[in-house]
Structure formats: C-alpha cells, structure tokens
Amino acid sequence: MIELGQIRTAAEKIGGMIHRTPVLTSERLGRIAGCRVHLKAEHLQKTGSFKIRGASFKILQAVEEGAVHAVAASSGNHGQAVARAAAMMGLRATIVVPEDASPAKIAAIKAYGGQVVKCGRTSAERIPEAVRIAHEEGGVFIPPYDDEFIMAGQGTAGLELVEQVPSLDAVFVPVGGGGLLAGVLSAVRQLRPGVRVYGVEPESADDTRRSLAAGERVSIGPSATIADGLRTSIPGELTFPILKSELDGLITVSDSAIRDSMAILFEATKQVVEPSGATALAGLLSENAHGPGKEAVVILSGGNIAPADYARLIR
Ligand SMILES: *Cc1c(COP(=O)(O)O)cnc(C)c1O
C-alpha cells in the first residue's frame, strides 16, 4: 500500500493547487440505488478530472529535484492535468498525443500552456516518444498511474471523502490503470479498515478482473468501450499488487449500464459526467449486496466530454 503519511504529505503539498471537491447527495439517486449515495465530485476538479491530483504531486517532486520540463503521453485527462500542473509550477510541458487526437483535446492542452507533439496511434508508440523527448530535452516523464507519487496524489481524494462522509461503509472507484483505486484504497484501508472498497471497470476492458482472477497481471486486446479513460490493456506493475492484496471486489459493467448512469446523473442530480466518470455509479447500481441502511461513496472521476458526444450518449 501507499503509506498514509505519504498521502498526507501529498494533500499538504498540493492543497493550494487543487479543489477540495464537494460531496453531493441525492435522495432520488438513493431510491434508485436502494442505499444512501454520496457522490465525490471529481468532475468538478480543476481540469475536469482527479488526474490533477497525482500530476501535481509528481511534478512538485520533480521540481524539488530540479526539473524544468514535464513530458507526458496522453490525449486525455492526464495530458490536460500535466499541462496545467506544469504551468502552475512554472515548468514547460510537452504532451505527446496520437495523430488522430481530437482538435478539442489538443486545444484544451494548448489552452493550459502545453506544447503538443503528435506521434502514432497507440500508447506503445507514444510512450517511448515521450520518454525520448524527456531524455533528450532535459525533461521528466510523468506516467499516468504506475508511480508512487501519482498514486499518493490520487489517494488524496480518499483522505477527503473519509472526512466528508464519516459514516460511509463502501467506496466505488473506476479502474483504468488502477492509480486512482490504489491511492484511494490505501487511504481508506489505513484510516477506516472496515470500509469496503470496490473497483469498477467496463466489461470489454476487464484486464483488472482477469488479472485478479489469475493472481497475476494479464493483458487483454484493445477495447472500444465508451469509457475511454478506462481502456488500459493491463494493470500497472505498481498498482496491481495493492489491488491484489487489499481490494474487496471488482465489478464489471456494460457500456449500456454506463450510459444509463450518465443519464441518471443528469436527471437526478444535474451533473454532467463523461463515461469513465459514471462507471463507478454503474457498479454500485449493479451491486446487489449494497442494501438499505448502507452508505456508499461513489467517485465521479471526470466530466470532460464534448457536448455532441454527451447528447448522443444520454439520449
Ligand atoms: C484516468 C481516468 C480514470 C482511471 O484512472 P486510473 O488511475 O488509470 O485507474 C477514471 N476516470 C477518469 C475520468 C479518468 O480520466
């Protein structure tokens, strides 16, 4: 696990750079779920997702070691988070994106002051390019999840939600590479050992479910799930051991259940979330074990989605 002390250090150091996001409740949502539901609103976080937490802590660490340039490989929320966190600390940021990245995503990275480099279509092409740029241009590579500082930074969401909902008995967290889950799980387990923590992933990107069943990291083929932040094909080398030893359960959900959750969030709470951000709620709604009298916290991990895509998905 990530030590509680390290997560607390992250919270102290990044506190001025991020929002302490609110926790929202909805009686209507509670009736649908059959238990009390609290939504940890990371879609209202700076840059629109929790990824600014880990990126800020990792970059801060790099600054203390003398870095002046941050490099990442991501067209999505991680790229925006690294661009924004680097700008806040006065570093240059270079973000390597796929050739076919959407103009909106590229514009968002540039708006945060990041420089965009296009390379290939797959992460297998982008990551070595980012590492090369970092190496040749005196930069530091900022990984999206498989890093102790990133996990500790993401874990600060866990510190907050335990304080915000003292009576919680379960937490539902979406899983891509597992950085958010490993960090939140570490925080919650050490502060509140009796609270159950569940990971939720799309059924077509179920690398974590398969890996847990096999007892070792298993890789899957590419997934086309609408939850684009959760399409990783293998759990992280550092995230997986934490999930393997500590996780209470892993739930998989269909894309159609994710769409339903987006629509329910819109109707019952007026919150706009992206598919990855609605996945943990889909997990809670599919989990029968969580019944009356129970109190669940669901992490809404992000809200970055183009209006046309949102309209199409909640239709
Ligand atoms: C990155 C991301 C996730 C998954 O986080 P991991 O740390 O890779 O498991 C979930 N939701 C959103 C919105 C994301 O951007």
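The shell around the ligand divides into 6 nonpolar, 9 polar and 2 charged residues (Ala, Val, Leu, Ile, Met, Phe, Trp, Tyr, Cys and Pro count as nonpolar, Asp, Glu, Lys and Arg as charged, and the others, Gly among them, as polar). Please keep in mind that this is a predicted model, in which local features need pLDDT of at least 70 and side-chain atom pairs count only at pLDDT 80 or more, while totals for chains, interfaces and linings use all residues. Residues are numbered from 1 along each chain as its sequence is written, and side-chain values use heavy atoms, with hydrogens and water left out.

**Around the ligand**

- Lys 51, Asn 77, Gly 176, Gly 178 and Ser 301 come nearest among the 17 residues around the ligand (a residue is near if one of its heavy atoms lies within 4 Å).
- Ser 301 brings a polar side-chain atom to 2.6 Å from a nitrogen atom of the ligand (a polar contact is a pair of N or O atoms within 3.5 Å).
- Of the 380 Å² of accessible area that the ligand has on its own, the protein covers 97% (Shrake-Rupley method, 1.4 Å probe).

**The sheet of 4 strands**

- This open sheet has the order E5-E4-E3-E6 with parallel pairing (strands pair if DSSP finds at least two bridges between them; strands are DSSP runs of E, at least two residues, and helices runs of H or I, at least four, numbered from the N terminus).
- Its edge strands are E5 (115-118) and E6 (140-141), each pairing on one side only.
- Strand E3 (residues 69-73) and strand E4 (residues 92-97) are parallel partners over 5 bridges, and Ala 70 has Ala 93 in E4 as its bridge partner.
- Helix H4 (residues 77-88) packs on the sheet, touching E3 and E4, and its direction makes about 170° with that of E4 (contact means heavy atoms within 4.5 Å; axes are lines fitted to C-alpha atoms, for helices over the stretch in contact, with angles from 0 to 180 degrees between N-to-C directions).

**The sheet of 6 strands**

- Here the order is E1-E2-E10-E7-E8-E9, an open sheet with mixed pairing.
- Strands E1 (23-25) and E9 (249-253) each have a single partner strand, so one side of each is left without a neighbour in the sheet.
- E1 runs antiparallel to strand E2 (residues 36-41), joined by 3 bridges.
- Helix H11 (residues 255-269) lies across E2, strand E8 (196-202), E9 and E10, at about 90° to E9.

Conventions:
A polar contact is a pair of N or O atoms within 3.5 Å; within protein, one must be able to donate a hydrogen and the other to accept it, and residues adjacent in sequence count only if both atoms are side-chain atoms.
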